[in-house]
Amino acid sequence: MREFLPTVEVSRGLGAPVPLPVALDGSIDAIRFTPTGARAPMTWKASLAANYTDGLVVLHRGRVVYEFYAGELREDRSHAAMSVAKSLTGTLAAMLAAEGVIEPAAPVTRYVPELAGSAFVTARITPIRKRKSGSTPRPAIHCRSLVRR
């Protein structure tokens, strides 16, 4: 990935890593559900292949209960997150809003002041948690400049 896009290694912090307790649940792969718009049910494991999932870790009450890796991805390899960050941020924002910790109509700069002066200066929490930027478009921004921000 580093050959195609500028990337940054993010520090895990100064302290030693803290391992997560693992209690894998072998029954998760067999969970069956019917996807929206589908006629037939499928298993959880089949859904991962159908959606081209490279990897997934499920935590429940502080324990790793499920791990899945496909293709070249392994638990000890790096993987580009891209839009995964939007999904995670949106989920966390929705949880915090439901708990009354953050105000959904508030500007994102209330909680992330570092975004002041960026394209997100007009963004509100609600569009962000719905994976829509809510940002004011800026004309003539080259794709490479967005990646480096």
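In this predicted model, residues 128–149 have a pLDDT under 50. The pLDDT is the predictor's confidence in each residue, on a scale from 0 to 100. For this stretch the model has 33 contacts beyond four places in sequence. A contact means heavy atoms within 4.5 Å. Over the chain, pLDDT averages 80, and 81% of the residues score at least 70. Because the model is predicted, local features need pLDDT of at least 70 and side-chain atom pairs count only at pLDDT 80 or more, while totals for chains, interfaces and linings use all residues. Residues are numbered from 1 along each chain as its sequence is written, and side-chain values use heavy atoms, with hydrogens and water left out.

The chain has 4 helices and 4 strands. Helices (H or I, at least four residues) and strands (E, at least two) are DSSP runs, numbered from the N terminus. Their order along the sequence is β-β-α-β-β-α-α-α. Among contacts with a separation of 6 or more, 26% join residues 24 or more positions apart.

The chain holds 149 residues, and 13% of them count as buried. Buried means under 20% relative accessible area, exposed means over 50%, and partly exposed lies in between (1.4 Å probe, protein chains only). The accessible surface comes to about 11700 Å². Carbon and sulfur atoms account for 59% of that surface. Areas were computed by the Shrake-Rupley method with a 1.4 Å probe; for residues, only the protein chains shown count as cover.

Three elements, β3 (55–60), β4 (63–69) and α2 (84–98), each supply at least two lining residues. The largest share, 5 residues, comes from β3. By type, the lining has 13 nonpolar, 4 polar and 4 charged residues. Here Ala, Val, Leu, Ile, Met, Phe, Trp, Tyr, Cys and Pro count as nonpolar, Asp, Glu, Lys and Arg as charged, and the others, Gly among them, as polar.

Most residues other than glycine have a negative phi. Tyr 52 has a positive phi of about 55°. This residue lies in the loop between α1 (44–50) and β3. Tyr 52 is exposed, at 72% relative accessible area. Arg 61 also has a positive phi, of about 50°. Its place is the loop between β3 and β4. Arg 61 is exposed too, at 77%.

Ala 80 sits in the loop between β4 and α2. At 31% relative accessibility, Ala 80 is partly exposed. Ala 80 and Thr 7 are 73 residues apart in sequence, yet 9.0 Å apart in space, C-alpha to C-alpha.
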